[in-house]
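Please open the model in your viewer, with the sequence panel beside it, and follow the stops below in order.

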Amino acid sequence: TSQMDVNPENFIKLIFRQGDPSKAGQPAGTAFTRIQNGWFGGQTEPPESTIDETVVLPEELLAYGHALSQNGFFGPNSWYMNHQLNFEYAQNSVNAGNLDMPVLFIAARYDYTCEAITSSLAAKMRLACTSLTESIIDSGHWMAQEKPAEVNQTLCHWLHTHILDS
């Protein structure tokens, strides 16, 4: 996280990108992080890049940059480094972590880092959720920012058909 902390705004500009259909079937950019000596190929900070305003607006970039300059990336990244404790917690949770209530999962078609449509990534979720609805939106990882109208439409439709009508 120290590389990210050096220049949060540059890191945000680098990762907040629109989904790219042409990258389907190729390894995600994060697949080579270790081989390339970190996120930025051995550089000590994120390189300069242009802002993708279809995903993050300049005022949002400033807000994220300000917050992350004060608090750093350790907290936001900690969830990704906590697999074992999350697994243990789920084993001790009610109903062994299985969910019997209605659950909605929205996958991003062009999210190659968390590809949950054709890979086995979502398999355990499918087993653990007895009333699961899945939906796909043609976007990248930052779905709520890239396609807010579609995300809200999907949420409203699901709430209407699975919660309000039941």
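Select cysteine 156 to begin: its relative accessible area of 51% makes it exposed, where exposed stands for over 50% relative accessible area, buried for under 20% and partly exposed for anything in between, computed with a 1.4 Å probe on protein chains only. This is a predicted model, in which local features need pLDDT of at least 70 and side-chain atom pairs count only at pLDDT 80 or more, while totals for chains, interfaces and linings use all residues. Residues are numbered from 1 along each chain as its sequence is written, and side-chain values use heavy atoms, with hydrogens and water left out.

The structure holds zero disulfides, a disulfide being a pair of cysteine sulfur atoms within 2.5 Å.

Now select Met4, Phe11, Ile12, Phe16, Phe40, Val55, Val56, Leu61, Leu68 and Phe73 together, and you have the ten residues of the largest nonpolar core. Such a core is a set of buried Ala, Val, Leu, Ile, Met, Phe, Trp, Tyr and Cys residues joined through side-chain atoms within 4.5 Å. The elements that give two or more residues to this core are α2 (8-15) and α3 (58-71); helices (H or I, at least four residues) and strands (E, at least two) are DSSP runs, numbered from the N terminus. Apart from this core lies another, of seven residues, and Ile106, Ala108, Val151 and Trp158 are among them. In soluble globular proteins, nonpolar side chains tend to be buried together.

Display the aromatic side chains next, since a pair of aromatic rings is described by the distance of the centres and the angle of the planes. The structure holds six aromatic pairs; rings of Phe, Tyr and Trp (its six-membered ring) pair if their centres lie within 6.5 Å, and planes under 30 degrees apart count as stacked, over 60 as edge-to-face and the rest as tilted. Phenylalanine 11 and tryptophan 39 have ring centres 5.3 Å apart and planes at 90°, so this pair is edge-to-face. Because phenylalanine 11 lies in helix α2 and tryptophan 39 in the loop between α2 and α3, the pair ties together parts that are 28 residues apart in sequence. Phenylalanine 11 is buried, with a relative accessible area of 3%, whereas tryptophan 39, at 37%, is partly exposed.

Phenylalanine 11 also forms an edge-to-face pair with phenylalanine 40, at 5.9 Å centre to centre and 80° between the planes. Phenylalanine 40 counts as buried at 5% relative accessibility. Ring pairs link Phe11, Trp39, Phe40 and Phe73 into a cluster.

For the last stop, select asparagine 37, in the loop between α2 and α3, which has a positive phi of about 60° although it is not a glycine and counts as exposed at 59% relative accessibility. Then select asparagine 95, in the loop between α5 (83-91) and β1 (99-108): its phi is positive too, at about 60°, although it is not a glycine, and at 39% relative accessibility it counts as partly exposed.
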